[in-house]
Amino acid sequence: MIKIRNKLLQTVLFLMYVFSISNGYAHTNAFKVAVVIPMEHLAMNDIIGGIKKELEKDNNNDYQATIYNAQGDINLMKLIYQQIFRSEFDAIVPVGTIASQFAVKLIKDKPIISIDSDLKEEKKIKNFVNIESNNSYSDFTNLIQHVLSNSEKLYIIHSNDIKIFKKSSVLANLIKSKGYKVQIITVNNLYEVLNAIKILSRESGAILVLRDNLLVSAMPAIVREVKKTKIKLIASDEGSIKNGADIAIGVQENELGKKAAELLIEYNKTKTLNKKNSKIDSILFKNASSSIKIDPKMFHNKKIVTIK
Amino acid sequence: MKIFLDITQQSLMLYPLVLGVYISYKILKITDLTVEGSFVLGSSMFAKLLMEEINPMISMLIAVLSGSLAGVAISTIQKDDKIDSLTAGILMTFILYSINLKIMKVPNLQIYDFTTVMSNFVDFFGLYGELLFLTIIFFLSNLILIILFSTQLGLNLRAYGDNPKLLKKIGKSPHQYKILGLCISNFLAALSGVMTCQIYGFSDVNMGFGIALTAICALLIGEKILNQISSDSKFLIFKDLLSCYLGIVIYYSTITFFLKVGIDPIHLKLLTGLSLIFLLKTIANKSYSNE
């Protein structure tokens with residue numbers, strides 16, 4: 001009898017703990033948004049911060065953003081989407097390609113405001129819009145011509161993310177056509193990233209890291225390794241510069257979140273999804289401690305931000 | 001009811017994979033992690049063939065057979081026992097990662113606008129078409145395994161796991177049974193990959209990451225629970241198949257419960273792990289007090 005009572009007590013305490021740390025789903029009149037992120041890192045937190053901050057600015061309406069983190073597990077992401085499908089969300093904000101693929105497959109009647117994804121024929125999908133920077137390949141080729149001499153080699157490191165995979169290969173061909181030596185290095189995990197950089201430490205040139213979840217999350221460690229060498233580190237987001245990369249062309253992550261929130265607010269008011277206003281102007285970020293000198297005339301169409 | 005359907009769908013989708021792990025882990029007594037690669041192999045092969053405009057049914061067949069080929073490859077690596085099964089499985093998973101990338105050319109292929117076997121079911125039977133298709137696969141795979149393990153061939157497969165030397169003594173080649181067992185195991189893993197690809201609408205080179213551990217975990221949970229209901233130590237294929245299904249259902253029910261109550265994402269896996277430990281401990285205590 002005592003044993004049964006103890007077990008019951010344990011179960012009740014466990015359930016109380018579970019409910020105490022749960023977000024819960026308040027059934028209010030608020031506009032409910034589900035944000036699905038593939039994994040957690042600084043850039044993701046900035047995006048989420050951007051969304052929440054911008055939504056708070058709309059004083060006329062209440063918003064309730066629920067964050068779902070798939071923790072790099074594709075099956076968990078599927079379960080999350082089933083949960084979203086059964087819940088009363090008014091809009092979905094998936095971050096990245098896989099989260100957006102699930103959203104498009106499962107959510108047909110609610111707006112999907114995706115951030116930084118690469119879907120096939122996305123313009124044909126009525127309830128879908130993708131927010132991304134308007135970085136052009138020529139921006140990167142310009143920057144690389146500025147940073148590298150012809151005798152130096154460029155290493156493009158990326159993981160197997162579909163968007164980055166495609167971008168890297170196009171960019172590599174473009175840079176090769178300008179007479180530079182380019183080598184693409186594909187990595188699968190953080191250990192391989194650091195190992196690749198250690199191998200490159202005997203070389204000179206530059207490493208280019210595109211907006212890549214795996215590499216962005218490893219940026220502090222990448223910077224630490226690169227600082228031991230003469231290699232320059234080119235990135236494509238503000239966060240990487242804050243972590244110590246030399247130079248980057250990209251966007252501030254929280255701007256992506258803010259843009260998503262702007263579209264959410266607009267949708268809440270008009271009930272139509274604005275598919276035209278989804279690009280964010282890219283910025284040239286420079287680390288104040290970097291030895292790279294920038295000629296502003298070369299980047300006259302870009303806003304230049306120096307980060308200390 | 002709807003949540004129950006979600007759990008059923010997710011469980012049925014990965015059920016062949018758990019069966020595959022059951023054959024290698026429980027029948028052959030081999031820890032084979034190749035299933036992680038052959039799961040993606042099935043999925044990537046299926047997606048690629050669909051894009052090449054091959055008939056979905058033929059694509060599905062070729063994709064699952066490619067999983068069997070992975071089984072042949074892994075058993076060849078392990079021939080003469082010079083490389084142990086765990087090492088061979090890990091190496092094979094590495095090899096399959098590159099092969100899968102080579103097949104797809106890119107890390108992710110989207111197929112949600114292609115006609116698949118499953119989409120035909122959905123067109124014909126409506127919303128529950130996916131579930132019907134998965135149920136058919138569930139019964140077919142169970143039926144095949146029940147027939148297999150009631151024949152001499154199935155008995156010899158079990159003999160390989162229990163005592164390979166005995167097989168040799170009665171004039172059978174143990175290696176041949178290892179090949180057959182791993183072929184079936186990886187075939188089932190690839191089948192799971194093909195179904196996952198059809199339900200998800202894409203194939204991704206990273207989609208198999210950690211899936212073998214999920215399957216092993218489900219297998220062990222199911223076995224532990226079923227052992228409480230029936231303490232008969234005799235080999236009963238029905239009991240084993242039920243334990244595989246029960247295990248995967250409990251695993252996904254736990255995660256779905258925590259998602260449903262809106263748990264903070266940081267705590268999700270911690271709580272899933274803790275509650276499964278709690279469940280297994282409770283069962284173990286019950287077993288101890290029964291004894």
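Reader: Is S243(B) buried or exposed?
Author: S243(B) is buried, at a relative accessible area of 6%. Buried means under 20%, exposed over 50%, partly exposed in between (1.4 Å probe, protein chains only). This is a predicted model: local features need pLDDT of at least 70, side-chain atom pairs count only at pLDDT 80 or more, and totals for chains, interfaces and linings use all residues. Residues are numbered from 1 along each chain as its sequence is written, chains are lettered from A and ligands numbered from 1 in the order written, and side-chain values use heavy atoms, without hydrogens and water.

Reader: Where is S243(B)?
Author: In helix α11 of chain B, residues 237-260. Helices (H or I, at least four residues) and strands (E, at least two) are DSSP runs, numbered from the N terminus.

Reader: What is S243(B) in contact with?
Author: A218(B), G222(B), E223(B) and L226(B), leaving aside neighbours within four places in sequence. Contact means heavy atoms within 4.5 Å.

Reader: New topic. How many helices and strands does chain B have?
Author: Twelve helices and two strands. Of its 291 residues, 57% count as buried.

Reader: And which residues have the most contacts inside the largest nonpolar core?
Author: Y81(A) and I84(A), in a core of 117 residues. Such a core is a set of buried Ala, Val, Leu, Ile, Met, Phe, Trp, Tyr and Cys residues joined through side-chain atoms within 4.5 Å. Helix α1 of chain B, residues 2-27, gives the largest share, 13 residues.

Reader: What does I84(A) touch?
Author: Among others, A34(A), Y68(A) and F89(A), not counting residues up to four places away in sequence.
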